[in-house]
Amino acid sequence: MATMESLIGLVNRIQRACTVLGDHGGEGMSLWEALPSVAVVGGQSSGKSSVLESVVGRDFLPRGSGIVTRRPLVLQLQKTEQGQAEYGEFLHAPKKKFTDFASVRKEIQDETDRITGKTKHISNIPIHLSIYSPNVVDLTLIDLPGMTKVAVEGQPDSIVEDIDNMVRSYVEKPNCIILAISPANQDIATSDAIKLAREVDPTGERTFGVLTKLDLMDKGTNALDVLEGRSYRLQHPWVGIVNRSQADINKNVDMIAARQKEREYFESSPEYGHLAHKMGSEYLAKLLSQHLESVIRQRIPSIIALINKTIDELNAELDRIGRPIAVDSGAQLYTILEMCRAFDRVFKEHLDGGRAGGDKIYGVFDHQLPAALKKLPFDRHLSLQNVRKVVSEADGYQPHLIAPEQGYRRLIDGSLSFFKGPAEASVDAVHFVLKELVRKSIAETQELKRFPSLTADIAAAATEALERFREESRKTVLRLVEMESSYLTVDFFRKQQFETEKQEKSGNPSGPNMDRYTEIHLRRIGSNVSGYISMICETMKNSIPKAVVYCQVREAKRSLLSHFYAQLGRREKEQLGSMLDEDPALMEKRQAIAKRLELYKSARDEIDSVSWK
């Protein structure tokens, strides 16, 4: 029996550990659910509580009328060596040993009231109780609220459905063994427990039938048709139980004495004497323990498969959120650089088209810049009135001789100055796109989520670098404008002079010898300047994007975090450690995953080793 008990005892320990870690499932089946246990079901006043107390050998459950069990009680029995003291332990009070079983009863009642209040409502939050005793077998039993057909005063109208749903949530699981309790002094056809078992376990392979109150049947009647499987056949034998009478309970008759009295009842019974060796609470406990051990052994391959699958999932989750960081400065620096490289990869993917966002930079050059250039006020600047004003002011007291050289230059310089606005706007627009891509890249770099301080440092360093690149880009595009002002393209005006001379020879009166302030002459000056500015506009449309990409985009790809890397090399260990200060919620999540991983690995090794004994 030792091997069987150690296997079930191991399962009990694993289930307790699962409960402590909150491993009750979620996606798919949890380890707790994969490990078989016995659910005790029955109608109210079917003798359910008395059966449990007989199996345990202790009087420890709350008693009363109506619904007494208002929360599931997960009862894990652990056999100890003879002579050791009996005690109970609750999962919600793990450091407290209850040696007085009257206090166990009170604790169950108090813990029930803590959740449900002093009402007749129920809760599906289980109470976990472990009992260590030399008088029990290793076993896990789940005591569920007694099924009822009508709500009584103080109960919600939905109580019948609520209890039914709660009980079904346990007994519908394929790894659940159903202990169906039915009173012998009622027709088995009306048994709530058997009716439910027939629905969820039609083959009867998971169901054990228990018949209580055999001693309370009408004189001259017996339950042999049920116990011998003629009234309702199950794959497992029916077990008859004789619980303590109310008088015994009132007299506080010892449960061990009650077991002896039960044995004597069956052995001396003319109806049940031939079944005495298969009757009673002691036999029931051994039968369930043996079957539970058998089911566990059958399920070991699937349990191990589930454990291995979960271990893989937990390892993948740890890899996703990041493993713990070593404390030495070298490892810390390596981790920081890895995080930076991960961010840099995502950022470059945005720029190069692997992720969305980089196309917005092209949009600045293809749409925003040309639109801004079109809106420049050249028409107003080169209007007849403004040309006359600028040329006249440039000539001063002495009129120009051949062409208004100074007037031309002033008109051109004034026109070129308008290019500064679109040039700087392009720089700022690309800067905004790059800043947005930095923000997106940080948000999309999964590795950074665990380090809020490092994330903030990288964001600040990247933003600072982008500001430097913007300043350099602004200087460059302004230089492009200034270069156009500093040296004009002579060939353009020589061609204009050639056209003018051709017109003179053909007799056109618009040559240079005309009055310098005639409207035709001024219009020609404005037209010449406008043509030159149009040529420069096409040049700017191409050169500004090149300068911006060279100074901002190219540098962002090449050296976004270069200054940050240089600073890292000069930082002390404490500073590096503070950068890797993790989000407390993430640290807590990693610790929880690590504990679950440790539990599953330990469970796999222990189940595997015990299963071969």
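The following exercises, each with a worked solution, concern a predicted model.

Residues are numbered from 1 along each chain as its sequence is written, and side-chain values use heavy atoms, with hydrogens and water left out. Local features need pLDDT of at least 70 and side-chain atom pairs count only at pLDDT 80 or more, while totals for chains, interfaces and linings use all residues.

**Exercise 1.** Describe how helix H12 packs with helix H19.

*Solution.* 
Step 1. Two packed helices are described by the angle between their axes and the distance between the axes. Helices are DSSP runs of H or I with at least four residues, and strands are runs of E with at least two, numbered from the N terminus. Axes are lines fitted to C-alpha atoms, for helices over the stretch in contact, and angles run from 0 to 180 degrees between N-to-C directions.

Step 2. H12 covers residues 359–374 and H19 covers residues 519–559; their angle is about 145° and their axes are 11 Å apart.

Step 3. On the H12 side, the contact (heavy atoms within 4.5 Å) is made by Ile361, Phe365, Leu369 and Leu373. The residues of H19 that take part include Cys537, Met540, Lys541 and Ile544.

Step 4. By class, this contact of H12 with H19 has eleven nonpolar, no polar and one charged residues. Here Ala, Val, Leu, Ile, Met, Phe, Trp, Tyr, Cys and Pro count as nonpolar, Asp, Glu, Lys and Arg as charged, and the others, Gly among them, as polar.

**Exercise 2.** Which residues line the second largest cavity, and which helix gives the largest share?

*Solution.* 
Step 1. On a 1 Å grid over the protein atoms alone, a cavity is a set of points where a 1.4 Å probe fits but cannot get out, and lining residues have an atom within 4 Å of a point.

Step 2. The lining consists of Ser50, Glu53, Ser54, Arg63, Asn243, Arg244 and Met255.

Step 3. Helix H3 (residues 48–56) provides the largest share, three residues.

Step 4. Sorted by class, the lining of this cavity has one nonpolar, three polar and three charged residues.

Notes: 1 Å grid on protein atoms, 1.4 Å probe; cavity = no way out; pocket = protein on both sides within 12 Å on 5 of 7 lines; lining within 4 Å.
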